[in-house]
Amino acid sequence: MKRLFSSIALLTNLLVFAQEKKDTIKKEKEIEAVTLTGRKPTVESKIDRTVFNVANSSILAGNTTWDVLRMTPLLSIDNNDAIKAEGESVTVYINDRKSVFTGKELKEYLKTIPADNLMKIEVITSPSSRYETAGSVINIVLKKRDDEGIKGSITLNNRQQAKNSQYTNLNLNYHKKNFTQTFIGSYSDNTYLQKSALLSEVYADNSATQINTESTGRSKSPSVSSTSEFELNDKNTMGLILEYYQGKSMNSADATGITHVNDVFNNSYSQNQWASGLSRTLGTNIFYKFYDKEKNRILDINVGSNYYGQSEDNNFVNNRVVLTNPPTMNETRVLSDSENRNYYVKVDYTQPLGKEWGTLEVGGKMDFNNNVVPNDLFATQINGLSGHDVFHYEDNINSLYANYSKTFFKKLEARFGIRYEHIDYKMRQDVAGTSRKDSYGTFLPNLLLKYSFSDKYDLSFTYNRSLWRPWYAEFNPFMTPNDNGFFSRGNMELEPNPNHRLYMKLGLFKKYFISARYMYTDQDYWTSYIFETDPANPGKNRTITQPDNFKGRVEKYYLFANTNQTFLKNKMSVNVGFGWYYLDNSDFNLKNNLEAKDYISYWGGSTNISYTNLFNKNINVSAWVEIANQNNGNSYANKTNFFHNISVTKIFPKTQMEASLQLMNIFQRPNFDATTYNQTGTIRNSMKWDWYGVSLSFVKRFGNQKVKENTKTDVEKNAGGAK
């Protein structure tokens with residue numbers, strides 16, 4: 001890793017020296033022809049958010065939105081494809097519209113959005129009450145083109161990792177007077193390879209199970225999206241958004257496991273698994289916006305629906321050898337089908353209260369969700385598992401919010417917010433007959449204060465209370481086998497996780513920022529491992545994973561420093577961020593009887609370096625490095641991961657073409673390695689990520705590519721950091 005940092009540092013120095021030397025011998029008119037002025041820094045640190053300005057960056061070429069999220073400051077993605085901000089769960093918005101997906105479903109959806117459409121990514125660590133948040137918010141802002149005529153781009157990408165993958169995208173935009181139409185179509189054919197090693201140790205019988213798994217997957221995913229926007233007049237706009245995604249997947253996995261009790265062989269098994277699946281997503285959104293520029297009044301109305309359906313066919317063949325019994329073979333087939341429907345109505349209104357009385361923002365939303373998950377299991381030996389059941393989950397979430405923003409004494413910016421959410425939900429299994437019905441309401445206050453001592457020094461403070469709710473699939477108790485020989489199921493008794501966060505940030509010279517965060521919670525739900533007797537193999541336990549409620553106080557402390565710098569007439573942009581993290585899990589471990597570390601401290605950080613128009617040859621270069629640990633609840637990292645990405649893009653202005661070469665984690669392949677503690681033992685899981693290799697892409701643009709810099713109105717931009 002030292003060689004990597006040394007190489008990047010040497011490369012940076014050589015680029016600076018070479019550029020300065022070349023600039024001194026260039027004629028003045030030639031210098032003026034390539035000088036960029038007013039370019040935004042790659043990373044901006046604001047009162048309530050960090051903004052990653054990625055538009056026109058070489059980091060976009062050949063990537064999807066999911067790829068760029070991996071390289072966004074403060075963000076990380078764990079081995080379960082969950083997006084984290086400063087180690088905590090997030091809620092994802094796209095153009096200020098909440099995404100209905102989480103986890104792997106969200107990953108597949110974001111992989112259909114080409115990075116070439118990105119304007120910026122906002123990591124909102126202190127969101128206002130307007131956001132339906134469970135912590136931090138990621139707002140993905142797409143480009144908006146409104147020049148007359150038709151324009152667009154075509155992208156072709158080939159990525160070589162352990163296997164080869166391809167990605168194609170067509171992006172069209174048409175604008176005529178008051179009408180704008182955008183169309184995006186993409187197709188990806190991705191193949192991946194993953195290897196993992198798992199060690200399970202049980203305290204009671206002093207047993208240890210070693211499992212090695214290798215899996216190969218392939219997915220073919222076409223998608224289309226359409227946005228139609230019509231300006232009725234200078235105050236009223238309405239539009240329609242349509243989105244469709246389809247994914248067809250095929251997977252196979254081979255696993256071997258061996259168990260020793262007191263270092264003596266007890267049993268072993270080998271398992272082969274192959275699966276196929278088909279998923280479909282259809283989203284609709286009708287919106288209306290009223291904006292009175294003279295009085296700065298805004299009314300925003302959204303009505304929409306989202307549908308997600310997924311069917312899977314999983315087949316398992318398990319051969320087991322037990323010390324005291326003859327060998328057995330068990331064939332299992334699992335058929336599952338999900339039908340998820342979401343309907344919503346959302347209204348937001350913003351009203352300035354005169355020139356000196358600040359701004360008031362109010363709104364609300366009604367959300368309806370209906371999820372049906374049928375499951376069928378066929379096997380030569382059922383092993384005590386249910387053969388068929390249908391899981392139903394329905395909820396209705398109603399919310400109201402208010403934000404008040406005002407600047408006092410021309411130096412103190414303030415935002416006071418309150419949000420109230422009430423949920424009614426019910427779930428049931430048709431065959432087993434188990435059910436649950438519940439409801440609760442909660443207030444979620446937030447406060448933001450920023451005092452500017454001068455143009456060079458400012459100090460901000462924020463407080464947020466948030467609530468993370470379980471995802472519907474985490475409730476489903478139907479038990480199914482996994483590709484590694486374990487079993488998994490949901491838990492109907494899960495409870496939401498409330499948490500409190502305090503945050504302070506000191507800004508110096510608008511370039512240097514030092515921040516401190518404190519977060520605590522008294523309850524959370526994490527993965528638990530349960531060992532139950534296998535009916536088909538007396539004396540042998542089977543391992544079951546499920547989410548569980550974990551009571552106990554967890555306290556987290558963060559110290560973070562970052563700087564944004566530009567050099568060489570804004571051609572070179574550097575952002576460096578580094579932080580120290582400290583976790584106090586002593587009460588959490590005591591109440592849950594976990595033999596884990598009570599106190600954990602570790603370092604983390606990232607660096608983004610970009611250089612525009614290298615040697616005045618329309619060559620853009622960017623590099624990204626991240627040091628990351630994954631510590632979540634009862635799971636602790638055993639090693640620090642180093643991620644890195646280097647990309648070079650050559651632009652051909654006359655033909656509006658681009659060619660990009662990207663090197664992903666070429667010096668060290670990412671390897672997730674963590675130990676999960678439970679009441680009965682430990683599980684150590686090591687996994688090699690298939691996120692490395694070489695990517696080559698070509699982009700052909702046509703038409704006027706001018707982009708609006710900001711789609712927000714003046715009242716939205718100046719609402720005390722609320723937007």
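Helices (H or I, at least four residues) and strands (E, at least two) are DSSP runs, numbered from the N terminus. The chain of this predicted model has 6 helices and 35 strands. Local features need pLDDT of at least 70, side-chain atom pairs count only at pLDDT 80 or more, and totals for chains, interfaces and linings use all residues. Residues are numbered from 1 along each chain as its sequence is written, and side-chain values use heavy atoms, without hydrogens and water.

Of the 723 residues in the chain, 53% are buried, that is, under 20% relative accessible area, with exposed meaning over 50% and partly exposed in between (1.4 Å probe, protein chains only).

The structure holds 25 aromatic pairs. Rings of Phe, Tyr and Trp (its six-membered ring) pair if their centres lie within 6.5 Å; planes under 30 degrees apart count as stacked, over 60 as edge-to-face and the rest as tilted.

| Aromatic pair | Geometry | Centre to centre | Angle between planes |
|---|---|---|---|
| F486 and Y529 | edge-to-face | 6.5 Å | 75° |
| Y518 and Y520 | tilted | 5.9 Å | 35° |

F486 is buried at 6% relative accessible area, and Y529 is also buried, at 13%. Y520 is partly exposed, at 22%. One aromatic cluster comprises Y518, Y520, Y557, W580, Y582 and Y599.
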